[in-house]
Amino acid sequence: MATVHLDRVTKRFGRVTAVDGVTLEVRDGEFMVLLGPSGCGKTTALRCIAGLERMDGGRIVIGGEDVTDRPPGRRGIAMVFQSYAVFPHMTVRDNITFGLRIRKTPASETQRRTQQAAELLQIGELLDRYPAQLSGGQRQRVAVARAIVMQPQVLLMDEPLSNLDALLRLQMRAELKRLHRETGATTVYVTHDQVEALSLGDRIAVMRNGVIVQRDTPSVIYNRPASTFVGGFIGSPPMNFLRGTVEEGGRSVRVAGAALGLEERWAGAEGITAGGEVVVGVRPEAFEVMAEPCPGALPAVVVVVEPLGGTTLLTVNVGGETAKVSVAPDTDHDSGQRVWLRPLPDRMRLMEPVSGRAVIPTEEGASR
């Protein structure tokens with residue numbers, strides 16, 4: 001396996017800069033997810049790593065070697081595409097062994113690796129079938145087996161689950177996680193699905209407009225988003241954003257007429273000034289919902305109730321703003337009901353109202 005280093009990688013298509021000076025280190029054996037909306041540059045960045053796009057600037061280093069000018073076949077990588085890209089006229093066995101035969105790998109070694117990959121992907125009984133005889137999930141397993149049989153230094157995956165239905169995606173996510181644990185392959189995985197990113201990645205690099213806006217572990221990305229964009233993109237439903245004003249002393253922020261107490265970690269933080277505006281970010285599950293008013297609780301009116309099986313989702317109106325709140329499925333709520341929402345103090349995230357950047361608590365700033 002190997003590390004992957006992107007050093008100020010830039011790629012333009014005419015006047016459009018798809019990847020804008022991206023620098024990223026993928027550690028040996030790490031599962032790195034490039035996450036972002038369509039058009040953010042994540043697939044282009046992946047194709048630059050693979051050598052399928054000629055860069056306009058920067059370097060790609062794999063395993064300590066500069067591969068910027070090397071063709072894809074000499075980079076020690078294998079790639080799994082969104083469209084499977086299996087050969088319809090070949091059996092599963094022939095699809096898996098195709099790359100090995102091109103390399104003129106000895107027959108005994110080819111057979112050993114093919115059997116090993118088929119067992120790892122649990123498709124051993126499908127080796128004599130053709131792609132037309134397989135389900136979408138099985139074809140994707142064949143594509144992954146064809147990649148890992150090459151024993152690449154780096155495995156690249158471009159939205160490999162996007163063509164599968166919801167149940168198959170769930171199953172394949174677990175399979176990919178197991179596969180990574182068993183092979184230890186350095187993996188760069190592109191997706192626009194934040195559930196995939198949170199469940200699969202050791203770290204996530206969130207992209208927007210060709211740049212990385214935050215990179216960290218799934219837990220940090222989810223609980224401490226670096227901006228309103230990240231908080232609004234990650235999570236289903238996404239983070240709620242409520243406008244407020246910092247009160248004298250900087251110990252509370254007033255939202256919808258209620259004073260929300262701030263923890264000591266916000267004291268002295270840049271962006272927390274008395275009388276200044278701030279955006280309070282709260283995840284849907286980070287509210288206490290009460291039937292009676294109490295200090296530190298926001299008055300709200302239930303607009304829509306959505307039972308979702310394991311949870312119930314409330315759409316509420318808070319001071320003219322809409323918010324989503326997750327509650328236990330056995331709680332009784334109706335449209336038009338008056339409730340009070342108390343955000344959990346340790347789960348609140350404060351953002352600058354204009355730039356959307358997160359206000360960094362003093363304890364976080366000291367640790368950076």
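I started at Ala107, which counts as exposed at 64% relative accessibility. My scale calls a residue buried under 20% relative accessible area, exposed over 50% and partly exposed in between, with a 1.4 Å probe and protein chains only. The model is predicted, so I take local features only at pLDDT of at least 70 and side-chain atom pairs only at pLDDT 80 or more, while totals for chains, interfaces and linings use all residues. Residues are numbered from 1 along each chain as its sequence is written, and side-chain values use heavy atoms, with hydrogens and water left out.

Ala107 sits in helix α3 (residues 107-120). Helices here are DSSP runs of H or I with at least four residues, strands are runs of E with at least two, and numbering goes from the N terminus. I also checked Ala107 against Thr97, 10 residues away along the chain. Their C-alpha atoms are separated by 9.8 Å.

**Cavity**

A cavity is a set of points on a 1 Å grid, over the protein atoms alone, where a 1.4 Å probe fits but cannot get out; lining residues have an atom within 4 Å of a point. Points are joined across faces, edges and corners, and volume is the space filled by probe spheres set on them. I found one cavity of 30 Å³ or more. The largest cavity holds about 40 Å³.

Its lining consists of Phe31, Leu155, Met157, Leu176, Leu179, His180, Thr183 and Thr187. α5 gives the most, with four. I sorted the lining by type: five nonpolar, three polar and no charged. In that scheme Ala, Val, Leu, Ile, Met, Phe, Trp, Tyr, Cys and Pro are nonpolar, Asp, Glu, Lys and Arg are charged, and the others, Gly among them, are polar.

**Strand β6**

Side chains in a regular strand alternate between the two faces of the sheet. I checked both sides of β6 (residues 77-80) and found them covered. Ile77 and Met79 on one side are buried, as are Ala78 and Val80 on the other. β6 pairs with β7 in the parallel sense over four bridges; pairing needs at least two DSSP bridges. Ile77 stands opposite Val154 in β7.

**Cysteines**

I searched the whole structure for disulfides, meaning cysteine sulfur atoms within 2.5 Å, and found zero. Cys48 is buried at 1% relative accessible area. Cys294 is partly exposed at 23%.

**Aromatic pairs**

My rule pairs rings of Phe, Tyr and Trp (its six-membered ring) with centres within 6.5 Å; planes under 30 degrees apart are stacked, over 60 edge-to-face, the rest tilted. The count came to three pairs.

I noted Phe31 with Tyr189 as tilted, at 5.6 Å centre to centre and 40° between the planes. Phe31 lies in β3 (residues 31-35) and Tyr189 in β8 (residues 186-191), so the pair ties together parts 158 residues apart in sequence. Phe31 is buried at 3% relative accessibility, and Tyr189 is buried at 0%.

I then took Phe87 and Phe98, which are tilted because their centres are 4.9 Å apart and their planes at 55°. Phe87 is in the loop between β6 and α2 (92-102), and Phe98 is in helix α2, 11 residues apart. Phe87 is partly exposed at 27%. Phe98 is partly exposed at 28%.

Terms used: 1 Å grid on protein atoms, 1.4 Å probe; cavity = no way out; pocket = protein on both sides within 12 Å on 5 of 7 lines; lining within 4 Å.
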